[in-house]
Amino acid sequence: MTDKQPTQGFNADDADAVLAPAYARRGMKQAIPKNRLPEHEMAPDTVYQLIHDELMLDGNSRLNMATFVTTWMEPQAERLMAEAFDKNLIDKDEYPQTAEIEARCINIVSNLFNAPEPGVGASAIGSSEAVMLAGMALKWRWRARRQAEGKPTDKPNLILGSNVQVVWEKFCRYWEIEPRYIPMQKGRYVISADEVIARTDENTIGVVAILGTTFTGEFEPIEAIHDALVEQNASTGWQIPMHIDAASGGFVAPFLHPDLKWDFRLPLVKSINVSGHKYGLVYPGIGWVVWRGQEDLPDDLVFHVNYLGGDMPTFTLNFSRPGNQVVAQYYNFLRLGEAGYRQIMEALRDTAMMLSSGIAEIGPFELVSDGSAIPVFAFKLRDEINHYSVFDVSDKLREFGWQVPAYTMPEDAQDVAVLRIVVREGFSEDMGQMLLDDIKKAVTHFAPQTDRAPKPPTPQFAH
């Protein structure tokens with residue numbers, strides 16, 4: 001071979017990657033196209049570094065106190081997830097063991113919630129899909145009862161608080177159901193039994209109660225609502241059921257509040273959704289929906305699909321999604337067991353309550369909730385504080401790297417603005433103390449000049 005003959009398989013980009021320093025490569029020396037395909041390929045390391053650097057602008061997810069979703073998992077779980085990225089969960093005939101693991105998880109969740117007939121349920125992308133599936137079952141069962149009685153089925157309604165997650169609004173709109181919202185008011189951010197009963201009628205397909213509201217982390221009075229519905233159903237002949245939105249609290253209450261009756265121990269509770277990617281401690285997105293028994297999941301909602309050589313019963317809105325989150329959920333179930341989940345939830349609760357009590361002691365803040373239900377709490381500025389807002393505090397905390405959301409409460413309580421903190425696995429008490437210190441710094445920054453401690457004298461240096 002002469003010097004002028006090209007080397008077999010020579011690629012200029014490969015040579016560039018080997019010879020040039022990382023940020024002197026051709027791909028780093030010019031802007032990449034943002035909204036169209038580049039004309040030529042690039043070396044994989046260059047592409048990785050470009051995208052890696054851009055994602056640094058997102059901030060640190062571990063310091064995001066806004067999100068409920070898991071931001072830390074053990075490396076062994078991450079390895080299992082990587083090994084299952086390429087498995088389509090819906091293809092149960094081709095991946096029978098992943099399907100078996102999914103079925104085991106459904107049984108575990110059903111048993112955790114005291115289902116008399118465990119194993120009736122489905123996995124979902126998250127609680128948003130799980131809510132849609134549960135809501136459809138409520139409507140289908142109500143419609144079947146009405147048809148059997150020879151009554152019209154054109155005016156279904158659903159009772160829920162204005163504090164529900166937006167997916168419930170979507171469900172009612174998409175499936176043509178009248179949402180009957182119970183308004184919030186200052187000092188009360190959950191629904192009550194009396195307000196539920198006042199809005200029900202023969203067209204009510206169900207009542208939604210929340211175990212751990214998004215706004216404050218509080219539990220709604222589920223047992224009291226249930227008992228009021230039992231009495232009403234007995235006097236009217238109606239059969240109004242309950243669905244429990246346990247997206248945030250379903251993996252907390254069994255371990256921190258085992259005597260609290262909110263699940264299938266209450267006969268009118270027919271379905272429950274829970275987010276595995278919240279306090280189930282799995283990366284997004286995985287959710288679960290379980291029913292009390294087979295009769296509560298109408299047969300005509302379940303499809304039997306002949307796909308790739310097998311019959312697959314399926315109840316889902318998605319037909320292609322990886323099995324890795326289900327595998328990760330099973331890892332957590334085996335890894336932690338009841339004792340491990342209890343230990344984690346107790347630690348998170350203790351950290352949340354340390355933070356909430358520390359914030360209450362700072363001075364200008366008033367707690368709306370304290371983190372004792374689930375490790376989530378909200379707090380507001382006292383009414384007499386009017387020269388800065390919770391939005392100012394939120395913006396100031398971003399300067400320290402923290403993302404602490406500020407928002408107004410639901411309709412009819414919109415004059416109340418709060419900050420909310422979600423304590424998750426991977427957030428230690430030491431980090432909590434650092435956050436508390438930075439909140440104090442933010443308050444000092446916004447305090448009137450006369451209220452601030454005098455600055456220390458500027459040190460004098462010899463020349």
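A residue counts as buried when its relative accessible area is under 20%, and as exposed when that area is over 50%, with partly exposed in between. Please keep in mind that this is a predicted model.

**Two loop residues**

With that cut-off in hand, let us start with Asn 203, which sits in the loop between α7 (193-199) and β4 (204-210). Its relative accessibility is 14%, so Asn 203 counts as buried. Leaving aside residues up to four places away in sequence, Asn 203 touches Trp 142, Arg 146, Pro 152, Lys 155, Pro 156 and Asn 157. Take Trp 142: 61 residues separate it from Asn 203 in sequence, while the C-alpha to C-alpha distance is 8.0 Å.

Met 42 also belongs to a loop, the one between α1 (12-19) and α2 (44-55). Together with Val 47, Ile 51 and Leu 55, Met 42 makes a nonpolar surface patch of about 320 Å².

| Residue | Relative accessible area | Class |
|---|---|---|
| Asn 203 | 14% | buried |
| Met 42 | 31% | partly exposed |

**Helix α11**

Our last stop is helix α11, residues 390-398, where Val 390, Val 393, Ser 394, Lys 396 and Leu 397 are buried. These residues lie on the same side of α11 because they cover an arc of only 165° around the axis. Their cover includes the strands β10 (365-367), β11 (376-381), β12 (406-408) and β13 (417-422), along with helix α12 (429-446). At the N-terminal end, α11 is capped by Ser 389, with a side-chain oxygen 3.2 Å from the backbone nitrogen of Phe 391.

Note on methods
Residues numbered from 1 in each chain as written. Predicted model: local features only at pLDDT ≥ 70, side-chain atom pairs only at ≥ 80, totals over all residues. Heavy atoms only, no water. Patch = residues over 30% accessible without salt bridge, like charges linked within 9 Å, V, L, I, M, F, W, Y side chains within 5 Å. Areas by Shrake-Rupley, 256 points an atom, 1.4 Å probe, with all protein chains shown as cover. Salt bridge = Lys/Arg side-chain N within 4 Å of Asp/Glu carboxyl O. Helix = DSSP H or I, 4+ residues; strand = E, 2+ residues; numbered from the N terminus. Buried < 20%, exposed > 50% of the residue type's maximum accessible area, 1.4 Å probe, protein only. Arc of directions from axis to C-beta. Contact = heavy atoms within 4.5 Å. Polar contact = N/O pair within 3.5 Å; in protein donor to acceptor, adjacent residues only side chain to side chain.
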